[in-house]
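Here are some notes for a colleague who is seeing this structure for the first time. They are set out as numbered points, to be read beside the model.

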Amino acid sequence: MSKIGIDIIYVCYFNHKELENSLKSLRDFFYKSEFILNVVIWDNSNNYSLYNQFLIIYKEFNSEYLNIVYKLSYDNFGFGGGCNKAFEYTFNDLIMILNCDTSFALSSIADFKKMIKFCTSKSPIVGPKILTKNGLIHSSCFSFDPISVFLKPLRHIRYIGNYTKFIPEYKTFKKRIDRITYEGLDKTKPSYVDWVSGCCMLVQRNFFEECGGFDLRFFLYFEDVDFCRKAKDLNKNVIFNPTFEIIHYAKHSSRSMKGVISTILMNKMARYHLISWVKYMFKWRNDFILKVKYFISRFFLKNK
């Protein structure tokens with residue numbers, strides 16, 4: 001039986017325990033399969049003490065089907081920048097980008113082969129169904145609908161203050177915001193979507209090279225949105241494949257504090273999220289301009 005090579009990229013930042021658990025899941029999942037993994041860990045922590053501790057741990061995972069390349073960064077390049085750095089140590093046709101807090105405990109090799117088939121024949125980017133640690137379905141695929149992207153912060157505001165939770169309850173807002181997560185889409189079967197979560201995505205090497213990897217202006221958050229938006233710009237498809245499932249032990253750091261003002265002032269992750277949202281809207285401003293022009297034209301046609 002011929003072996004299939006896959007590159008796995010992790011970007012680590014002071015979450016080595018989560019990474020260790022994810023590597024265990026990875027090792028168990030691919031044990032005695034036809035896949036050979038080249039796992040590249042880019043550690044943004046810049047901490048030699050943690051580096052030396054983890055060196056002992058990761059060597060235990062090396063085997064004939066799982067090779068680990070562990071690189072300690074001299075600086076924090078963010079998630080997208082870390083992926084770009086790790087890409088330099090990959091060599092296979094397909095690359096899976098994974099968060100350190102993910103697990104393959106719920107899926108099978110047969111399910112993974114379907115991901116491979118989609119990524120090699122139909123789309124350069126494929127994302128799985130994402131589940132929470134409690135087994136609930138996490139938002140896994142999203143739309144570029146400009147108005148929904150513009151209103152995206154409202155999805156987070158409802159989690160951080162008693163006086164803001166009512167905002168999405170307004171039917172007009174809620175209906176528009178829900179477009180971003182394809183409410184109403186049958187999420188039991190594969191679908192073409194606009195973007196999939198960066199916590200787990202399978203990517204063609206050729207596409208990664210063609211689009212230049214992740215845009216470095218997005219230090220944290222929206223790098224996956226922008227990455228998939230570049231696919232659309234290059235007339236490429238993105239596929240959501242729910243037959244493959246992963247568990248994401250997300251901490252949602254950007255909305256861990258209560259109160260909008262406190263969150264902006266005291267929560268660095270929330271500020272990163274807000275800044276990246278603004279940068280995304282500016283970079284792809286033509287999407288929003290075209291949508292505004294469309295509404296204006298409809299308004300004048302309606303009132304002629």
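1. Thr243. With a relative accessibility of 25%, Thr243 counts as partly exposed; the classes are buried under 20% relative accessible area, exposed over 50% and partly exposed in between, for a 1.4 Å probe and protein chains only. Thr243 sits in strand S12, residues 238-248. Helices (H or I, at least four residues) and strands (E, at least two) are DSSP runs, numbered from the N terminus. Leaving aside neighbours within four places in sequence, Thr243 is in contact with Asp111 and Lys114, where contact means heavy atoms within 4.5 Å. Pro128 is 115 residues from Thr243 along the chain, and 7.2 Å separates their C-alpha atoms.

2. Basis of the values. This is a predicted model, in which local features need pLDDT of at least 70 and side-chain atom pairs count only at pLDDT 80 or more, while totals for chains, interfaces and linings use all residues. Residues are numbered from 1 along each chain as its sequence is written, and side-chain values use heavy atoms, with hydrogens and water left out.

3. Helix H3. Which elements cover the buried residues of H3? They include strands S1 (4-12), S2 (35-43) and S4 (94-98), together with helices H8 (205-211) and H9 (223-233). Helix H3 spans residues 78-87, and nine of its ten residues are buried. Among the buried residues are Phe79, Cys83, Asn84 and Phe87.

4. Helices H1 and H2. Two packed helices are described by the angle between their axes and the distance between the axes. The axes of H1 and helix H2 (residues 48-59) come within 11 Å and cross at roughly 15 degrees. Axes here are lines fitted to C-alpha atoms, for helices over the stretch in contact, and angles run from 0 to 180 degrees between N-to-C directions. H1 and H2 are therefore roughly parallel to each other; angles under 35 degrees count as roughly parallel, over 145 as roughly antiparallel, 65 to 115 as roughly perpendicular and the rest as oblique. The crossing of H1 and H2 is right-handed, a term used if the near helix is turned clockwise from the far one by less than a right angle, with anticlockwise giving left-handed. On the H1 side His16, Leu19, Glu20 and Leu23 take part, and they meet Leu50, Phe54 and Ile57 in H2.

5. Side chains of opposite charge can pair when their charged atoms come close. A salt bridge is a side-chain nitrogen of Lys or Arg within 4 Å of a carboxyl oxygen of Asp or Glu, and the structure holds 14 of them. One joins Lys24 to Glu20, with the closest N and O atoms 3.7 Å apart. These two are separated by about one helical turn because they are four residues apart in helix H1 (residues 16-30). Lys24 is partly exposed, at 31% relative accessible area, whereas Glu20 is buried, at 14%.

6. Salt bridge between Asp7 and Arg205. How many residues apart are Asp7 and Arg205? The side chains of Asp7 and Arg205 meet in a salt bridge of 3.8 Å, N to O. The pair links distant parts of the chain, since Asp7 is in strand S1 and Arg205 is in helix H8, 198 residues apart. Asp7 is buried at 0% relative accessibility, and Arg205 is buried at 11%.

7. Salt-bridge network. Asp215 forms a salt bridge with Arg217, the closest N and O atoms being 2.8 Å apart. Salt bridges that share partners join Asp215, Arg217, Asp226 and Lys283 into one network. Asp215 is buried, with a relative accessible area of 13%, while Arg217 is partly exposed, at 39%.

8. Cysteines. The disulfide count is zero, a disulfide being a pair of cysteine sulfur atoms within 2.5 Å. For Cys200 the nearest cysteine sulfur is that of Cys199, 6.1 Å away. Cys200 is buried, at 0% relative accessibility. The sulfur of Cys211 is too far for a bond, because its closest cysteine sulfur, in Cys228, is 9.5 Å away. Cys211 is also buried, with a relative accessible area of 12%.

9. Positive phi. Most residues other than glycine have a negative phi. Lys32, not a glycine, has a positive phi of about 60 degrees. Lys32 lies in the loop between H1 and S2 and is exposed, at 69% relative accessible area. Asn235 also has a positive phi, near 60 degrees. Asn235 lies in the loop between H9 and S12 and is exposed, at 73% relative accessibility.
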